[in-house]
Structure formats: structure tokens, C-alpha cells
Amino acid sequence: MADFETPALKPWPEIPPIEIGVMAHSKPFVAKTDIQEKIGFPGELVDNWQQVAIDKMGELVENSRALRVFLDSCVKCGACTDKCHYFLGTTDPNNMPVARQDLFRSVYRRYFTLAGKYFPGLVGARDLDKDVLDEWYSYFHQCSQCRRCSVYCPYGIDTAEISMAAREILDTVGVGQKYCNEIIGKAQTIGNNLGLPEPALADTLEGLEEDIEDDTGVSVRLPLDEKGADILLVTPSADFFAEPHVDGLIGYAKVFHQAGLSWTISSYASEAANFGMFIGSYENMQVLAQRIREAALELGVKRIVFGECGHAWRVAYNFLNTLAGPFDFLDPKYPVPQHVCEVTYDLLQRNALRMDKSANDDMVLTFHDSCNVARASRMGDFEGGQFVIPREVIKASCNHFYDMPSHAVQEGTFCCGGGGGLLTDDLVELRVKGALPRMEALKQVVDDHGVTHMAAICAICKSQFSKVLPYYGFEMDQIVSVHQLVSNAIQLGGEH
Ligand code: SF4
Ligand code: SF4
């Protein structure tokens with residue numbers, strides 16, 4: 001356990017007394033030169049960094065009307081101040097969404113508004129100096145880009161967009177974050193975040209096939225690079241080895257098997273996660289999106305299905321078609337992209353899966369809505385599908401399910417505390433403290449309904465909870481994959 005105090009769980013979220021600057025020390029490791037240059041950014045802080053940063057800010061507000069509106073329209077009503085999990089968990093006022101925005105807005109005003117140019121003191125405008133840059137590096141890496149604040153802002157101001165813009169400027173002047181940028185580099189050259197080459201991936205999938213057969217007596221395939229398969233499954237690489245992720249992957253395989261769907265994973269595009277979004281870089285997002293397109297063409301598939309990963313789904317749902325489309329070579333009967341929960345839900349609706357819910361009777365379940373799915377994308381062809389579909393899949397797989405309190409689910413869900421490119425051990429204090437509101441909501445259903453496990457459909461959430469649950473007195477294996485529940489309940493054998 002690290003050297004900080006875990007916040008105490010309270011029965012209901014309380015607005016904490018503020019402690020100015022208490023998280024100013026929290027900064028992720030800075031990317032080294034080779035990591036930066038590999039993905040097209042300067043290796044270190046450039047000499048004329050101030051001008052480069054201001055030029056980049058100008059380009060960003062010019063190209064994004066949304067960003068400019070967000071910067072111009074805040075009326076300081078305060079409705080967002082207590083909505084960020086990082087503020088509630090850390091008590092640092094710079095983690096209030098409006099204050100975080102103002103770190104950026106004050107510089108924007110200084111260089112891009114008349115009042116800020118001539119009367120900076122009157123409008124809260126400030127020069128971009130090294131202290132401000134350092135403050136940005138700290139506090140824009142204390143935002144998981146979860147959009148919860150935007151739900152409560154009467155103007156819909158989205159701090160996530162501002163945070164992405166700030167990180168893009170930081171990268172452009174040569175001060176990138178090690179964790180994200182190293183991963184982006186690996187995914188672009190090897191095809192996945194782990195740097196797992198094709199032979200290792202093939203071995204892993206073979207091992208999983210053996211495990212399933214040992215467990216069920218049924219031969220279920222996890223095909224790799226199989227030309228002519230109908231479905232390309234693009235899933236977070238954590239699904240290949242991490243717990244509880246891998247149990248979810250086994251669940252997808254069993255669903256495809258029982259439904260008689262032909263599918264494959266690609267070793268070239270073996271990563272659904274797209275960390276380019278976290279650093280606000282469309283260029284980097286596009287490189288990975290293009291790999292998926294190329295793999296789909298090369299393998300001749302008809303559908304692209306994404307596994308359980310929150311931000312991957314956000315990128316895929318919002319941007320896959322614009323970054324790498326058109327996908328007119330795929331079967332038009334299916335949406336592009338499609339979520340694995342949509343596939344399973346559809347099969348359940350058609351009674352195409354044999355489920356025995358009692359297989360999960362040793363668990364009482366709740367569901368953590370991942371912020372990227374809840375507030376930045378949708379599922380299915382009906383409003384609120386992203387809330388209904390995963391819950392229906394869970395309810396078809398178990399007998400005991402209870403939702404957490406209403407302020408902490410669906411649109412109001414709290415981030416796990418590790419999203420937005422913050423799932424790194426150099427930020428463990430932030431991650432633990434940022435998980436406080438979710439842990440409080442979980443504790444409530446544990447106390448009220450005897451909940452034993454929380455299911456999620458996001459690789460980052462699963463890893464984050466495995467790490468932080470013990471800090472709050474829970475067990476690390478109380479987090480499970482949604483398709484792990486499906487995997488337990490599905491009755492294999494006798495398929496044709
Ligand atoms: S986007 Fe999420 S993490 Fe960022 S300020 Fe808003 S609530 Fe906090
Ligand atoms: S809720 Fe919106 S308008 Fe009000 S202070 Fe926050 S960002 Fe500004």
C-alpha cells in the first residue's frame with residue numbers, strides 16, 4: 001500500500017472542505033525522448049515552447065467550435081463543482097471541473113480575447129509561463145475525461161474536451177505522458193498495448209481453448225487470423241491475459257460458438273483500446289483505426305465486433321467511420337461497429353443461447369456503468385440502450401442483481417478513477433482517492449442487498465477496481481466481466 005491515506009467511506013457523498021494545492025504534487029512520469037518521437041512529438045520541451053503552445057491553442061479553438069463555446073460560455077454558476085470524483089476524493093479545489101477548465105481558460109483569454117489582451121487582470125487572464133505549464137501537467141492528468149461534470153452543467157460544458165486539448169498542447173511542446181505515449185507507440189508498431197507479438201498471442205489463445213475444453217468438455221475455438229471468418233473481434237489486449245478480463249473473452253468465445261458464428265481475432269489489429277483519444281490526438285487515433293480497417297479487408301470479414309472496453313467503444317462508436325471508413329465492404333445488415341453486448345443481447349432476445357442463471361448463484365451482482373459507454377456513446381437502436389443492454393445480459397445470466405443508488409449509475413455514473421490514461425502506478429494516490437464515490441455507492445448495495453460482486457464492461461475499470469478495491473476493505477476479485485457471467489451461465493454441448 002502506498003504512502004497516503006485512503007479516504008473514509010461515507011454513507012452518502014459529502015462535499016468535502018477544500019484543501020488548496022493538496023494534489024499539486026500528483027504528476028505522471030514524463031515521456032522520454034524516444035517515446036515522444038516515435039509517435040510524432042518533440043522529444044523534450046522545445047526552446048520556443050510558449051509560442052508553439054499558443055499557436056497550437058489557436059489551431060484547436062479555430063478547428064473546434066465546441067471547444068471555443070466551452071471556453072466562452074461558463075457563467076460560474078458552480079453546478080459542476082461537486083460533481084467530479086477527483087474533487088470528492090482529493091478535496092483539491094483545482095479538481096472542481098470549473099477550476100480545471102479555468103487553468104486553460106485563463107490562458108485562452110490572455111491570447112485569444114480582446115479583454116484578456118488589454119485588461120488581463122480584470123478577466124482572470126494569465127500569461128502562459130512555466131508554472132502554468134507545470135500546473136496543466138499536474139491537473140490535466142487528474143481528469144479522466146469522464147464527462148460527468150458536463151451532465152450537470154446547464155450549458156453542457158465538457159471538461160473532457162478541454163482536458164484533451166490541454167494534453168495535446170503539452171505533447172506538441174514536448175511534454176507528453178510516459179504511460180499513454182509508450183502504449184500508443186507499442187500499439188502502432190506491434191498491434192496491441194502489451195507489445196504481444198503474433199506467436200505469443202497464438203499460444204495464449206491456444207491455451208485458452210485447452211482451458212475451456214478441460215472445464216466444459218467442449219471444444220470451443222478462439223481463432224486467430226482466420227481468413228473468411230464472418231466477424232472480426234477487436235478486443236482490449238488485457239482480455240488475453242488479465243483477470244477478470246480473460247474470463248470475459250472466454251465468454252465471447254462461448255457465445256460465438258453456441259450461436260454458430262464464425263469469427264476471428266487479428267494479430268495485426270489485436271487491440272481495441274485507442275489511447276490516442278486520451279491525449280487528444282486524432283492523428284494517433286487514426287493510425288490504430290486504420291489497422292482495424294486493414295485487418296478487416298485482409299481477412300475478408302463481414303462484421304466488426306468490439307469486446308468489453310469503455311474508451312475503445314467511445315472511439316469506435318464516435319470515430320471509427322470517420323477515421324477509417326467507409327466500411328461499405330462489410331455486411332450492411334449489421335451496425336459498424338457493433339458491441340459484443342449487442343451481439344449477445346440480440347441472441348438472448350431470439351432465445352439462441354441456452355442459459356442457466358443458477359450457475360452464478362454464488363454471486364449477488366451490481367453493475368458499474370463505465371463512463372465512456374454511459375456518457376460518450378450508445379448501444380443498440382433505442383435510447384438508453386447503453387444502460388439497458390448490459391443489464392439485460394447480466395440479468396439473463398444471474399438470479400441476483402441490484403443497481404447502485406441512482407446518482408451513481410447510468411448518466412450519473414462515477415468514473416472508476418483510472419480512466420482517461422491515468423491507469424498507471426505513478427498515479428496510484430489519485431486513482432485510489434478518485435475511486436471514493438464509486439466505492440461509497442458499492443458499499444451501499446453491499447450493506448443493503450448483500451452484493452458480493454460488481455460487473456463491468458471496461459478493461460480499464462476492471463484493472464482499476466482490482467487495484468483499488470482492497471484499499472477500501474473489499475477483495476480484488478469482487479470485480480467481474482459481464483461476459484464472465486455469461487460464460488458461467490451458458491450451457492455448452494449439443495450445438496450444431
Ligand atoms: S470530465 Fe470527469 S474527471 Fe474531468 S473534470 Fe469532469 S467529472 Fe472530473
Ligand atoms: S456548471 Fe457549467 S457554467 Fe456552471 S460553473 Fe460549471 S462549467 Fe461553468
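I began with Arg110, whose charged end sits over the ring of Tyr111, 5.6 Å from its centre; I count a charge as over a ring if NZ of Lys or CZ of Arg is within 6 Å of the ring centre and within 35 degrees of the ring normal. I then looked up Arg148, whose charged end sits over the ring of Phe414 at 3.8 Å from its centre.

I note that this is a predicted model, in which local features need pLDDT of at least 70 and side-chain atom pairs count only at pLDDT 80 or more, while totals for chains, interfaces and linings use all residues. Side-chain values use heavy atoms, with hydrogens and water left out, residues are numbered from 1 along each chain as its sequence is written, and chains are lettered from A and ligands numbered from 1 in the order in which they are written.

I next turned to the largest nonpolar core and found 160 residues in it, with Phe104, Trp136 and Phe306 having the most contacts inside it; such a core is a set of buried (under 20% relative accessible area, 1.4 Å probe, protein chains only) Ala, Val, Leu, Ile, Met, Phe, Trp, Tyr and Cys residues joined through side-chain atoms within 4.5 Å. For Phe306, leaving aside neighbours within four places in sequence, I list contacts (heavy atoms within 4.5 Å) that include Leu233, Ile292, Trp313 and His339.

I also see Phe104 and Trp136 linked with Phe140 into a cluster by ring pairs, where rings of Phe, Tyr and Trp (its six-membered ring) pair if their centres lie within 6.5 Å.

Last, I checked ligand 2, which 13 residues surround, the closest being Cys74, Cys77, Gly78, Cys80 and Cys153, with a heavy atom within 4 Å as the cut-off.

Key. Buried means under 20% relative accessible area, exposed over 50%, partly exposed in between (1.4 Å probe, protein chains only). Rings of Phe, Tyr and Trp (its six-membered ring) pair if their centres lie within 6.5 Å; planes under 30 degrees apart count as stacked, over 60 as edge-to-face and the rest as tilted.
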